[in-house]
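Here are a few notes to read alongside the model. Take your time and look for each point in the picture as you go.

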Amino acid sequence: MIYNELTRRYFESPASVGELVSGPGVFRGAAGNREQGTWVQFDLRCESGTLRAVRFLAFACPHTIAVSAWLAEQSVGRAVTAVLPESVADLRDRFAVPVEKMGRLLIIEDAWLAAAVPAIDYEG
Amino acid sequence: MTAAAQMKPASMPVYLDHASTTPVDARVAARMAEVLNSDTEFGNPASASHDYGDIAHALVEQARAQVAAAVGAASGEVIWTSGATEANNLAIFGIAQYYRERGRHIVTSRTEHKAVLDPCRELERRGWRVTYLVPDRDGLLDPDQVAAALRPDTVLVSIMHVNNEIGVVQNIGAVGAVCARHGGAWLHVDAAQSVGKCPLHFASLGVDLMSLSAHKVYGPKGVGALLVSQRGDRLVGRVQGGLGHRGRVQLAPLLFGGGQEQALRAGTLPTHQVIGMGLAFELAASISSLETVRVAQLQRRLWQGLASIGGVLRNGSAMHSVPHLLNVSFEGVEGESLLAVVRPHLAVSTGSACTSALAQPSYVLRALGRSERLSESSLRFGLGRTTTERDIDTAVAVLSREVGRLREIAGTRAAKVAAAVAAT
């Protein structure tokens, strides 16, 4: 398997790995299944509609780990919305994800939305 | 700059994939080069009308004797092939074709090499019936399983000696006895992984056909052999309802065009390849028991180091395996990520067949009852003559660091256990 430079960088040195301590404004979402080979979890901490901290865990392939790490890093300081900070199609191109792995990007999206939607509801 | 030189990274990873292939022994390479550069040894071994042919023929026969001596066979039982894959194909299709009127049933196991399984699948497509035996969780077959699978129309049993993924050694002598009692099933053994790793004596195992390879034994790629027993005392035909008679195994050839190799494998012999295999087998047979002990110590060191990581499972019987091979699964780690972190540092085989973007779990480990996830997150370490303690320590250090990192990213319980152990 060939990985592009961005994928290698975020797979080899992913920041934002871990979990946030639960509390007000902290939301967790997960998707996938370890037994099926791909599982992703995001923890989001929101204040006044803005993402202040993001952490992730991933039992997954290098592409999935790299995309999750990149999303966690890039989204801090942005408004929490009911969509990914970047579309699945753009993520596919940015990380050169093979077409056979597109389903894994959708798992990332599902995990993100599972955390973001309650956060939006909380913020009102 | 050559293509290979362009591909070579500044620092090559530690080579721990000797079960896949071995570097050519320098003495073998030198002898092969001598033949290739010789003014007198380039003849066609089948040319009986001049000295060039006679010289090449003598070299080929010397190599045949070297291979035969290394595995307890007679020279006349060695049929040169292009490798173990061709030898397996010749054995399976050769028996099926020759005995097609007597029966169309074959017995093999689910953990055989693809070079046995794929010919069997092809025969199924052509109307043969194949029984695939399932080994126990250690990868071992019970000879009684073979006995129970035999039918009146069984013409072939094909069971490997040393498994190429997990290193487990099957009790071939007992399987041979089962086939002999049956009186109609010939026994083929894929022994590509056996030579130089464990005792192997063709004549005393009750085997009719045995596949060998040169490149697993520090010889060249592109050459192998099928041993075809010349014993004429094999009881055959008893399953037809009669008392049977004594005879020897017969094969139909796959290649036609010159009658070489007792008309079983047509084609001009590659003298330098054959000579390389002969010398490689002679050298393998002379390997001292100290070398075997050295490799066994390295394997023990590797296993102890990996086991200390935690959440590492050994695949295959530890009691009944060669010391040159260790297969383990890592809990809480995804297979493709495991390969990605290991690849820059270690040349090992993974439990996945990466024939596409999505890996397929090892069918051998699945046959042992391992889950898909554990089958994918497995590594096969092949130790050999060039392996050192430093190589082993590097492997343990790399895996300890990287598996811990992947488990931390995955948030798996084993990571927390490992972290707790590390913290203490």
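**Notes on chain A**

1. Read along the sequence, the pattern of chain A is α-β-β-β-α-α-α. In total, chain A has four helices and three strands; helices (H or I, at least four residues) and strands (E, at least two) are DSSP runs, numbered from the N terminus.

2. A word on the source: this is a predicted model, where local features need pLDDT of at least 70, side-chain atom pairs count only at pLDDT 80 or more, and totals for chains, interfaces and linings use all residues. Residues are numbered from 1 along each chain as its sequence is written, while chains are lettered from A and ligands numbered from 1 in the order in which they are written.

3. How do H1(A) and H2(A) meet? The axes (lines fitted to C-alpha atoms, for helices over the stretch in contact, with angles from 0 to 180 degrees between N-to-C directions) of helix H1 (residues 5-12) of chain A and helix H2 (residues 62-75) of chain A come within 8 Å and cross at roughly 80°. That makes H1(A) roughly perpendicular to H2(A) (angles under 35 degrees count as roughly parallel, over 145 as roughly antiparallel, 65 to 115 as roughly perpendicular and the rest as oblique).

4. On the H1(A) side, the contact is made by Thr7(A), Tyr10(A) and Phe11(A); residues from H2(A) include Pro62(A), Ile65(A) and Trp70(A). Two residues are in contact if their C-beta atoms, placed from the backbone, lie within 7 Å.

5. Along the principal axes, the C-alpha atoms of chain A fill a box of roughly 45 × 30 × 25 Å.
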